[in-house]
Amino acid sequence: MKYLSIFILSISAFLTAADYKYQPEPNKAEYYIGKFNSGKDMDALVSWGEMFVDWSAENNWRQSTTTVIMSTYFDDSISESDYVWLNIIPNAKEQYTSLETWLEVGTDMLSTLPVTNERVIDTIQWPISSPANTDSDNGIVRFSDCKMNEGVTARDMFDAYKEFDAKAKSMGDNLGRKMIFPFAGAGTIDYDFVYSLYGSSMEDFGFAVDNYGENLALTDEAMKMNSMVECGNSRVLTTNRIQRGEL
C-alpha cells in the first residue's frame, strides 16, 4: 500500500497544481548499494566508472544521465555498504528504455564490475534547488528519513521547502535540496520520503550548517517547515560525480 500511495502521489502532483504555489518537476534516480569484490576498493570502482562513461559515450547511452559515486562518512551502520552508485535520469521512459538496451548490449561491461550490488532502489525525486555556480565534481550529501505530520501532504511539504530554500539562499546558502520517494526496491519503510541536502563543496556544506543555527532556525520559513515534518536517521556521504548529464 505504501508504494501505491507514492505512485498515486507522484501522478496527482500534476492534477492539483492550482492548490499550491510551486510545481514539482520530477526525475528518476537509481541507487545501487553494495560491497567491493575481493581485492577491490574505491579506486577500482572509480576506474570502472570512467570506463563506463566512455562506454556510454561510444554507445550513445544515457547521455543525459548524471552519475555519482558516493562513500559513507557519517552513519550508524557504516560497515553495511562500501559504496552507493547513483544514476539520475530525466524521466521513467528514458530510464526503462535505456535499461532494456543495457540488458541487451551491456553484459560484457557489467561482467567487469569490481563490486557486487546488494540493494538496488528505484526512486522518484522532486528537486527543490541545486547548488549555483560550481564546476566541482566532489561534494557531500546528507540523507534523512522524513515522516509528515497528520494532515500534511507532500505538496504542502514541497511548498514549505521551496519557501525555506529561498530564505536560505537569500542569506548565503548554496546547497541543493530534494524530496526522494522510493518507488521499488526499498523494502518495508516507515517514512514518507527521504530529504536530501547536498553541496558541491565541504566548505559550502559547513557554512550552511552554521548559517542555519545562527541565522535561519528561528525564521518563519524554518519554523513552518519543521512544524510539518519529523526527520531522523540522518547519514552523510561524500560524492564524486563521474558523468555530468542534464540533471
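How many bridges join strand E2 (residues 66–74) to strand E3 (residues 83–89)? The number is 5, and the two strands run antiparallel.

**View 1. Model and confidence.** The structure is a predicted model, in which local features need pLDDT of at least 70, side-chain atom pairs count only at pLDDT 80 or more, and totals for chains, interfaces and linings use all residues. Residues are numbered from 1 along each chain as its sequence is written, and side-chain values use heavy atoms, with hydrogens and water left out. The chain averages a pLDDT (the predictor's confidence in each residue, from 0 to 100) of 91, and 92% of the residues score at least 70. Over residues 1–5 the pLDDT is below 50, and this stretch has 7 contacts (heavy atoms within 4.5 Å) in the model beyond near neighbours in sequence. Where pLDDT is low, the predicted coordinates should not be read in detail.

**View 2. The barrel of 8 strands.** Taken in the order E1-E3-E2-E8-E5-E7-E6-E4, 8 strands close into a barrel with antiparallel pairing. Helices (H or I, at least four residues) and strands (E, at least two) are DSSP runs, numbered from the N terminus. Two strands pair if DSSP finds at least two bridges between them. From one strand to the next, the twist averages 35°. Axes are lines fitted to C-alpha atoms, for helices over the stretch in contact, and angles run from 0 to 180 degrees between N-to-C directions.

**View 3. Strand E2 and its partners.** Methionine 70 has valine 84 in E3 as its bridge partner. E2 also pairs with E8 in the antiparallel sense, over 7 bridges. Threonine 67 stands opposite glutamine 243 in E8.

**View 4. Strand E4 between E1 and E6.** Strand E1 (residues 27–36) runs antiparallel to E4 and is joined to E4 by 10 bridges. Alanine 29 stands opposite threonine 123 in E4. The antiparallel strands E4 and E6 are joined by 7 bridges, and threonine 123 has proline 182 in E6 as its bridge partner.

**View 5. Strands E5 and E7.** Strand E5 (residues 138–148) pairs with strand E7 (residues 193–199) over 7 bridges in the antiparallel sense. Cysteine 146 stands opposite phenylalanine 193 in E7.

**View 6. Helix H5 across the strands.** H5 lies across strand E4 (115–129), E5, strand E6 (176–184), E7 and strand E8 (229–243). The angle between H5 and E4 is about 75°.

**View 7. Helices H5 and H7.** The axes of helix H5 (residues 154–170) and helix H7 (residues 220–227) come within 9 Å and cross at roughly 155°. H5 and H7 are therefore roughly antiparallel to each other; angles under 35 degrees count as roughly parallel, over 145 as roughly antiparallel, 65 to 115 as roughly perpendicular and the rest as oblique. Met157, Ala160, Tyr161, Glu163, Phe164 and Lys167 in H5 meet Glu221, Ala222 and Met225 in H7. The residues of this contact divide into 6 nonpolar, no polar and 3 charged, where Ala, Val, Leu, Ile, Met, Phe, Trp, Tyr, Cys and Pro count as nonpolar, Asp, Glu, Lys and Arg as charged, and the others, Gly among them, as polar.

**View 8. Helices H5 and H6.** H5 packs against helix H6 (residues 202–216) at an angle of about 95°, with the axes 11 Å apart. That makes H5 roughly perpendicular to H6. Phe164, Lys167 and Ala168 in H5 meet Asn211, Tyr212 and Leu216 in H6. By class, this contact has 4 nonpolar, 1 polar and 1 charged residues.
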